[in-house]
Amino acid sequence: MVSITREQIAVLVELQSIDVESTRIQAFLNGIKPKMDEFDKQIQSVEQTIEEKESVISGLKQEYRLRESDTKDNQEKIRRNNEKLVSVKTNKEYHAILKEIEGLHKKNSTIEDEILQKLDYLEKEEKLIVQDKSELAKLREEAAKEIAALNEKGDTEREKLKALLSSKEEIEKTMNPEVIKRFRIAREQTHGSAIAAVKNTICQGCNMNVPAQMYNELQRFDKLEFCPRCYRIIYWAE
Ligand SMILES: [Zn+2]
């Protein structure tokens with residue numbers, strides 16, 4: 001049996017509220033890094049999209065230049081053929097050259113259609129990239145703001161936690177070590193809340209009735225009692 005007083009019960013209740021608050025703060029602090037990572041991930045994903053589009057665009061531009069140089073080659077061939085036309089001897093040769101010129105014109109016309117299509121696509125992609133870049137800038141700005149706020153709140157909360165833990169330590173020093181030991185065991189068993197009030201015979205930790213004799217004993221506030229259901233330290237409350 002561990003003896004206790006009404007005042008000590010009040011101290012345990014206070015310790016518990018310190019625990020609850022400390023746990024809340026710790027959870028918040030633990031959540032900061034994943035939140036920052038999430039921002040990084042979002043930014044990286046947009047950056048990657050932009051990179052991919054830029055590579056598509058640069059490929060298109062290269063193709064465009066190649067096709068353009070093809071048309072120039074063809075034009076040069078046409079020019080040379082036209083020169084040849086002046087000095088041909090036979091009708092057959094003349095028609096052959098004309099046919100070749102015609103073929104070159106056709107080729108160029110096809111290439112020009114292709115070029116126009118590519119330019120059209122290029123223009124669209126470039127517009128999209130501008131949108132993506134402005135989205136990225138917004139995202140970066142937002143992330144920087146959120147991260148600054150998180151860091152600021154983190155600093156405040158860390159200070160709060162430090163103060164809570166040191167006051168907890170001070171409070172524990174004033175208590176019977178055996179009571180503190182039982183309190184800690186109860187906290188571990190119940191994953192957090194170590195003490196619960198009993199109101200109208202009902203344990204507020206697990207909502208179950210405590211035995212009548214125990215309920216009567218609780219009102220004496222002379223020894224540590226545990227809920228037979230949830231193992232929390234229990235105390236009588238009106
Ligand atoms: Zn209980």
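I looked up K118 and found that, leaving aside its neighbours within four places in sequence, K118 is in contact (heavy atoms within 4.5 Å) with L60 and E63. I note that this is a predicted model, in which local features need pLDDT of at least 70 and side-chain atom pairs count only at pLDDT 80 or more, while totals for chains, interfaces and linings use all residues. Residues are numbered from 1 along each chain as its sequence is written, and side-chain values use heavy atoms, with hydrogens and water left out.

K118 is found in helix 2; helices (H or I, at least four residues) and strands (E, at least two) are DSSP runs, numbered from the N terminus. Is K118 buried or exposed? With a relative accessible area of 18%, K118 is buried, since I take buried as under 20% relative accessible area, exposed as over 50%, and partly exposed as in between (1.4 Å probe, protein chains only). A polar contact of 2.9 Å joins the side chains of K118 and E63; the term stands for a pair of N or O atoms within 3.5 Å, where within protein one must be able to donate a hydrogen and the other to accept it, and residues adjacent in sequence count only if both atoms are side-chain atoms.

Next I turned to helix 3, where the buried residues are V179, I180, F183, A186, R187 and T190. They cover an arc of only 125° around the axis (from the directions from the helix axis to the C-beta atoms), which puts them on the same side of helix 3. On the other side, P177 and E188 are exposed. I also saw that the buried residues of helix 3 pack against helix 1 (6–87), helix 2 (91–173), strand 1 (195–199) and strand 4 (233–237).

At the N-terminal end, N176 caps helix 3, with a side-chain oxygen 3.0 Å from the backbone nitrogen of E178. Just after helix 3, H191 takes a positive phi of about 55°.

I then looked up R220, which lies in the loop between helix 4 (212–218) and strand 3 (225–226). R220 counts as exposed because its relative accessibility is 54%. R220 and R6 are 214 residues apart in sequence, yet 8.7 Å apart in space, C-alpha to C-alpha.

Last, I asked which element supplies the largest share of the lining of the largest cavity. It is strand 4, with three residues, and the lining includes I234, Y235 and W236. Here a cavity is a set of points, on a 1 Å grid over the protein atoms alone, where a 1.4 Å probe fits but cannot get out, and lining residues have an atom within 4 Å of a point.

Key: On a 1 Å grid over the protein atoms alone, a cavity is a set of points where a 1.4 Å probe fits but cannot get out, and a pocket is an open set with protein on both sides within 12 Å along at least five of seven lines; lining residues have an atom within 4 Å of a point.
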